[in-house]
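Reader: I'm new to this one. Can you walk me through it?
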Amino acid sequence: MGVYLKPIDEDNFLDVFNLKLKEGQDNYVSHPIRSLAQAYVYRTQCQPFGIYADERVVGYVMVIYDYDIPEYDIWHMMIDSSQQGKGYGRAALALVLAYIGQKPFGDSNRVALTCNRDNAIALALYRSMGFELTGNTDGDEVELALML
Ligand SMILES: CC(C)(COP(=O)(O)OP(=O)(O)OC[C@H]1O[C@@H](n2cnc3c(N)ncnc32)[C@H](O)[C@@H]1OP(=O)(O)O)[C@@H](O)C(=O)NCCC(=O)NCCS
């Protein structure tokens, strides 16, 4: 399938600005434009990526290290509305976990993320990859985590 992650840099940041969500999905995830603004604020502890399939950008995801817990967090994973349901999200998540496994920021084996409780597709994907509900919630968001 040829899916890979490419760090966001001056060559591809405009490409991820053009990614689109389906109607209603903006309740589930921040758009890459907003996510990249956050990535600037947390620039010493995070890495945003474009998700590529066959040389084309199809999505976006960010990995951030939380030094306080410590743990790796996955933020704002999204696949373009026209490219969802083709296996790219699952492939990208496996690549993100492999990247985190290299411990780019710190030594923690814990990986966590939050997901809207109504986002059944994403919840099923995360659980099938080994994430489990922690019981922590924040409004409509539930936390899931796994140990590498
Ligand atoms: C959630 C998301 C990242 C998944 O990426 P994707 O490329 O669409 O998903 P995949 O094609 O890899 O499919 C993953 C699983 O979900 C299922 N799935 C995907 N789209 C589906 C749909 N519309 N209806 C039912 N099942 C679906 C697939 O069948 C697959 O399950 P399987 O491997 O057991 O068959 C993507 O749909 C997305 O960007 N959604 C909007 C943003 C979002 O919710 N991000 C997550 C924030 S926590």
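Author: This is a predicted model. Start at Glu-132, which stands opposite Ala-145 in strand E7.

Reader: How many bridges join E6 to E7?
Author: Four bridges join strand E6 (residues 132-138) to strand E7 (residues 141-147). The two strands run antiparallel.

Reader: And which residue in that hairpin takes a positive phi?
Author: Gly-139 does, with phi near 60°. The hairpin of E6 and E7 has two residues between the strands.

Reader: How many of the seven residues in E6 are buried?
Author: The count is zero. E6 is hardly covered.

Reader: In what sense do E3 and E4 pair?
Author: Antiparallel, over seven bridges. A hairpin of four residues joins E3 to E4. Tyr-72 in E4 has Tyr-65 standing opposite.

Reader: What is the bridge partner of Tyr-72 in E5?
Author: Val-111. E4 and strand E5 (residues 110-116) pair in the parallel sense, over two bridges. The chain gets from E4 to E5 through H3, and this β-α-β crossover is right-handed.

Reader: What does Met-77 touch, leaving out residues up to four places away in sequence?
Author: Val-61 and Ala-92. There is also a distance to look at on screen: the C-alpha atoms of Met-77 and Gly-89 are separated by 8.1 Å. Those two residues are 12 apart along the chain.

Reader: What's the phi of His-76?
Author: Positive, about 60°, although His-76 is not a glycine. Most residues other than glycine have a negative phi. His-76 is found in strand E4. His-76 is buried, with 21 other C-beta atoms within 10 Å.

Reader: And Asp-54, what phi does that have?
Author: A positive phi of about 50°, and Asp-54 is not a glycine. Asp-54 is found in the loop between E2 and E3.

Reader: Is Asp-54 buried or exposed?
Author: Exposed, because Asp-54 has 9 other C-beta atoms within 10 Å. The cut-off for exposed is 12 or fewer.

Reader: What about the peptide bond from Ile-69 to Pro-70?
Author: That bond is cis, with omega near -10°. Most peptide bonds are trans. Pro-70 is found in the loop between E3 and E4.

Reader: New topic, the helices. Which residues of H2 are buried?
Author: Pro-32, Ser-35 and Ala-39 are buried in helix H2 (residues 32-41). Seen down the axis of H2, the buried residues fall within an arc of 60°, so they line one face of the helix.

Reader: Which exposed residues sit on the face of H2 turned away from its buried side?
Author: Arg-34, Ala-37, Tyr-40 and Val-41.

Reader: Where is Tyr-42?
Author: In the loop between H2 and E2. Tyr-42 is partly exposed, with 15 other C-beta atoms within 10 Å. From Tyr-42 to Val-58 it is 24 Å in space, C-alpha to C-alpha. In sequence, Tyr-42 and Val-58 are 16 residues apart.

Definitions and conventions:
Residues numbered from 1 in each chain as written. Predicted model: local features only at pLDDT ≥ 70, side-chain atom pairs only at ≥ 80, totals over all residues. Buried ≥ 20, exposed ≤ 12 C-beta atoms within 10 Å, placed from the backbone. Arc of directions from axis to C-beta. Pairing = 2+ DSSP bridges. Right-handed = clockwise from strand over helix to strand, strands pointing away. Contact = placed C-beta atoms within 7 Å.
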